[in-house]
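Please load the model in a viewer and keep the selection tool at hand.

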Amino acid sequence: MAADTGSPHPFVRYRWLLDSYRKAISRGWTDGDFVALVLRLDEAVSGVEGHGFYITPLSRQSGLAAGLELDSTYLWVKDETGNVAGSHKARHLFGVLLHLAVDEEDGRNELGIASCGNAALAAAVVARAVERPLRVFIPTWADPQVVERLEALGAHVEVSERNPKEKGDPTFLRFQESVARGLTPFSVQGPITATTLDGGRTIGWELAEQLALARVSGPLRLFVQVGGGALAASVWSGLAGGIREQWLSVDPILHTVQTEAVAPLNRAWRRLLALEGEAMEAARMTPDLYMWPWEEVGTSAASGILDDVTYDWLPVMEAMLDSGGRAQVVSEEMILRANELGRSATGIDVDHTGTAGLAGLLDSEVASSISRHEHVVVLFTGRRRA
Ligand SMILES: Cc1ncc(COP(=O)(O)O)c(C=O)c1O
């Protein structure tokens, strides 16, 4: 089915493709019921944030392409920095909220998330909009400005101290214990909140429609920065959906980008490529042989992608293997340079995590493999905070 081109609201425009919509219809909701729900929740988000969801801009950035010494001048930037709470994360959580509403859960249970960055801020805005209590598990080193904003939005902030006897991220451990005691997971990782990829796909559907409108066809490289992996998994799924729906005809290749500080997806990718047999079968049968927590998590200016595990790695790995893409690792110097170039060439006030995908194009081997005619897409995902 074609997109509902009458609506500028992504969750209305592409509703036919949302799992929450399909579930609602199968339970006897009308199309109008679902649209009314989206618009009511969006208005509530507007009440907190000053604006709701909209189709974020995609622009061709030839100046940035020149700065990167790419042969191709077809470099496209999708700008999520003006989205609700300053990043793409609220798309995931608005999608989860739609599922909770369709499931008709009683709406009173406390929601919870372990994060101290964009995901926590997005969760706090969305939860506040529907007046749901939210518990946010943060580490001791969380940015005081973010904590202040979370508290101003009414979130209950719980600081998790590291215990030397425990393995793994203490915020995540405390969050999991609370979920076991009944907290409703409201996170941006598919294995923990199964419905979180649904809303994230709106980025991919928008991208598909915008590229089609710009008459883009043929080979296309998509560079996505990866932390927990939900962003890459959902954008890829949305773009593939747009191709399946025949909105556009492109041949996309997925490049993922992690920093030297933490690169579990690249480790898994290298191990799988070294196998003789079918890689995805091995990944699904024995995932622990390929994905496990990164032992020595370093630091990076791209602090939003320092997840020790790539939670949504399976669909991302499959997309890279099927499309002939790769799991890149970039140095801190490339992270810093990509941000400088990205900001100065586009004027977008994007943070280092937000330009980390662009850093993948600073790898000269990758850049030189891209032909003059290929289209390249990067996502600027997070707004810089002063
Ligand atoms: C601005 C920004 N971009 C990208 C990402 C990566 O998304 P994911 O964790 O889904 O891979 C994050 C995650 O925190 C982020 O804050």
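**A guided selection tour**

Select Ala114 first: it stands opposite Phe137 in strand 4. Strands (E, at least two residues) and helices (H or I, at least four residues) are DSSP runs, numbered from the N terminus. This is a predicted model, in which local features need pLDDT of at least 70, side-chain atom pairs count only at pLDDT 80 or more, and totals for chains, interfaces and linings use all residues. Residues are numbered from 1 along each chain as its sequence is written.

Next, select residues 111–114 and 134–139: these are strand 3 and strand 4, paired in the parallel sense over four bridges; pairing requires at least two DSSP bridges between two strands. Widen the view to the open sheet of four strands, whose order is 5-4-3-6 with parallel pairing. Strand 5 (156–160) and strand 6 (184–185) are at its edges with a single partner strand each, so one side of each lacks a neighbour in the sheet.

Now select residues 118–129. This is helix 6, which lies across strand 3 and strand 4 and runs at about 165° to strand 4; axes are lines fitted to C-alpha atoms, for helices over the stretch in contact, with angles from 0 to 180 degrees between N-to-C directions. Within it, pick Ala124, which touches Leu134, Val136, Leu150, Leu153 and Ala155, not counting residues up to four places away in sequence. Contact requires C-beta atoms, placed from the backbone, within 7 Å.

Finally, move to Gly324: just after helix 13, this residue takes a positive phi of about 80°.

How values were computed:
Contact = placed C-beta atoms within 7 Å.
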